[in-house]
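Here are my notes on this one, for you to read alongside the coordinates. Have a look at the helix packing and the charged pairs as you go.

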Amino acid sequence: MRAEFPDFRLGNVLATSFTGTLSERHGDAVERIPTPHRLVDWLAVNGLAVESCTTAQLDLARELRESIHAAATAAAIQDGLPAPAVQVINDCSIQGRAAAILTPEGKRRWRLGPASCVEDALSVIAADAISVIAGERDGKLALCASPTCQAAFFDTSQSRTRKWCDMNTCGNRQKKARFNANQRKNSRSAK
């Protein structure tokens, strides 16, 4: 992996992990796939290895990412899905040549088309987004409670009350801010 870029925020759900390649959307945004090579890296980490990526394919990937984010956000707040986002997700879903395969360990893996192009990988991500947004999986879409993040994430906790897209980043940051605010309040009242 290329060390000069921010770390990937990986989760258990492919589609929402993909939307996490742009974080802090309502603060100082962090782009985690700023170059075509970085998208290749992210796809490889997620089991969707491709040989190369063009600038146009990176643009398509970002368009899909933003469409998934828009549709997942709408679904999380129980609003109507934005038609342009749905169209992009559907178009990407049918563009690629990918097939689900069963491993000897009983796991599902994706096999991309013979040329292993970015569109094949994006079709897998789009299909995953469709499954999540359509409510076909056990869990619920939610939005991160961090005011600077508000990323859509898929909550599979038993109570379905998770607040943060990632406890190691947004959750810890919010808890630390709350702790520091309480410390300042306590030091002022002790005077």
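The points below go through a helix pair and then some salt bridges.

1. Ground rules. This is a predicted model, so local features need pLDDT of at least 70 and side-chain atom pairs count only at pLDDT 80 or more, while totals for chains, interfaces and linings use all residues. Residues are numbered from 1 along each chain as its sequence is written, and side-chain values use heavy atoms, with hydrogens and water left out.

2. Helix pair. Take α3 (residues 55–76) and α5 (residues 118–133): their axes come within 11 Å and cross at roughly 0 degrees. That makes α3 roughly parallel to α5 (angles under 35 degrees count as roughly parallel). Axes here are lines fitted to C-alpha atoms, for helices over the stretch in contact, with angles running from 0 to 180 degrees between N-to-C directions. Helices (H or I, at least four residues) and strands (E, at least two) are DSSP runs, numbered from the N terminus.

3. What makes the contact? On the α3 side, the residues include Leu 60, Leu 64 and Ile 68, and on the α5 side they include Leu 122, Ile 125 and Ile 133. Contact means heavy atoms within 4.5 Å. By class there are 13 nonpolar, 1 polar and 1 charged residues (Ala, Val, Leu, Ile, Met, Phe, Trp, Tyr, Cys and Pro are nonpolar; Asp, Glu, Lys and Arg are charged; the others, Gly among them, are polar).

4. Glu 66 and its partners. The structure holds 8 salt bridges, each a side-chain nitrogen of Lys or Arg within 4 Å of a carboxyl oxygen of Asp or Glu. Glu 66 pairs with Arg 25, closest N and O atoms 2.5 Å apart. That links distant parts of the chain, 41 residues apart: Glu 66 sits in α3, and Arg 25 in the loop between β1 (22–23) and β2 (30–31). Glu 66 also bridges to Arg 65, at 2.8 Å.

5. Glu 66 is partly exposed at 30% relative accessible area, whereas Arg 25 is buried at 18% and Arg 65 is buried at 3%. Buried means under 20%, exposed over 50%, partly exposed in between (1.4 Å probe, protein chains only).

6. Another bridge, and a network. Asp 138 and Arg 160 meet at 2.5 Å, N to O; Asp 138 is exposed, at 63%. Separately, shared partners join Arg 25, Glu 31, Arg 62, Arg 65 and Glu 66 into one salt-bridge network.

Technical notes:
Parallel < 35°, antiparallel > 145°, perpendicular 65-115°, else oblique.
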